[in-house]
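Here are some exercises to work through with the model open beside you. Try each task yourself before you read its solution.

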Amino acid sequence: VLTGSTGFYGTPRGRVDESTPAGAGPRAESAARAESAFRETVPHGTVLRLGGLYRRGRGPLQPLLRRGAPPDGPPDAALPLIHRDDAVAAILAALVHPRPASIYLAVTPPAPRRDTFYREACRRHGLAEPLFGEPLAPDPAPARRREEAAATCDVGRLRRDLLPDPAHPDWRDAVEG
């Protein structure tokens with residue numbers, strides 16, 4: 001089992017699942033190269049494209065609390081997350097599954113937008129309203145509610161095979177600290 005990254009997708013729009021192609025940019029290219037090297041070595045292995053891991057004391061909240069501001073990035077990009085315990089459960093399930101799929105998208109949807117996540121985290125921790133850089137290029141899809149992410153993660157395969165009932169199903173756990 002290779003624990004890959006949702007960085008493989010870059011900053012996608014619309015529905016994202018295991019069949020979504022690699023995105024553009026250095027992070028996506030690096031993730032795609034790692035998966036390719038894994039496939040050459042372990043042709044029948046399983047890749048879990050993990051969202052950002054969080055638990056108490058780790059995750060996207062910690063840099064915010066240290067710096068007092070969110071890291072640079074577009075406010076409307078998706079922030080796909082998965083609790084460390086759910087990621088471990090999915091990895092263990094992949095190791096014992098009789099015929100796991102070759103790729104799983106391992107996140108706990110819905111993935112919040114970056115601005116939604118960091119505004120909520122700032123509110124809960126008494127920090128000033130965060131400032132953000134430039135948004136992603138305009139979305140050609142109809143207008144979305146502000147709290148919706150640019151990408152919608154479809155984790156049907158993960159739920160069916162490896163993690164039917166995540167212990168931490170809500171991204172808001174990640175803002176608790």
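**Exercise 1. Find which residues G57 is in contact with, leaving aside its neighbours within four places in sequence.**

Step 1: Contact means heavy atoms within 4.5 Å. With neighbours within four places in sequence left aside, G57 is in contact with Q62 and G177.

Step 2: Place G57 in the chain. The residue sits in the loop between β4 (52–54) and α2 (61–67); helices (H or I, at least four residues) and strands (E, at least two) are DSSP runs, numbered from the N terminus.

Step 3: Check the exposure of G57. Buried means under 20% relative accessible area, exposed over 50%, and partly exposed in between (1.4 Å probe, protein chains only). G57 has 47% relative accessibility, so it counts as partly exposed.

Step 4: Compare with P26, which is 31 residues away along the chain; the C-alpha atoms of G57 and P26 are separated by 28 Å.

A word on the model: it is predicted, so local features need pLDDT of at least 70 and side-chain atom pairs count only at pLDDT 80 or more, while totals for chains, interfaces and linings use all residues. Residues are numbered from 1 along each chain as its sequence is written, and side-chain values use heavy atoms, with hydrogens and water left out.

**Exercise 2. Work out which residues of α1 are buried and which are exposed on the face turned away from them.**

Step 1: Locate the helix. α1 covers residues 26–41, 16 residues in total, and reaches 23 Å from its first C-alpha to its last. That is close to the 22 Å expected at 1.5 Å a residue, where the expected span is 1.5 Å times one less than the number of residues.

Step 2: List the buried residues of α1, which are A28, A31, E35 and F38. Seen down the axis, they fall within an arc of 90°, so they line one face of the helix. The arc is that of the directions from the helix axis to the C-beta atoms.

Step 3: Recall a rule. An α-helix has 3.6 residues a turn, so residues three or four places apart point the same way.

Step 4: Turn to the face away from the buried side, where you find the exposed residues P26, R33, E40 and T41.

Step 5: Look at what covers the buried residues of α1; this includes β1 (2–5) and β3 (47–50).

**Exercise 3. Describe the largest nonpolar core and the part of β6 in the model.**

Step 1: A nonpolar core is a set of buried Ala, Val, Leu, Ile, Met, Phe, Trp, Tyr and Cys residues joined through side-chain atoms within 4.5 Å. The largest one has 23 residues, and those with the most contacts inside it are L48, Y104, L105, A106, L158 and L162.

Step 2: Two or more residues of this core come from each of β3, α3 (84–96), β6 (103–106) and β7 (151–153). The largest share, four residues, comes from α3.

Step 3: Another core lies apart from it, with 12 residues, among them Y54, F117, A121 and V175.

Step 4: Now study β6. Both of its faces are covered: I103 and L105 on one side, Y104 and A106 on the other, are all buried.

Step 5: See how β6 meets β3. The two run parallel and are joined by four bridges; strands pair if DSSP finds at least two bridges between them. L50 stands opposite A106 in β6.

**Exercise 4. Examine the salt bridge between R119 and D115.**

Step 1: A salt bridge is a side-chain nitrogen of Lys or Arg within 4 Å of a carboxyl oxygen of Asp or Glu. The structure holds 13 of them. For R119 and D115, the N to O distance is 3.3 Å.

Step 2: Both residues lie in helix α4 (residues 114–124), four residues apart, about one turn of the helix.

Step 3: R119 counts as partly exposed at 24% relative accessibility, whereas D115 counts as buried at 4%.
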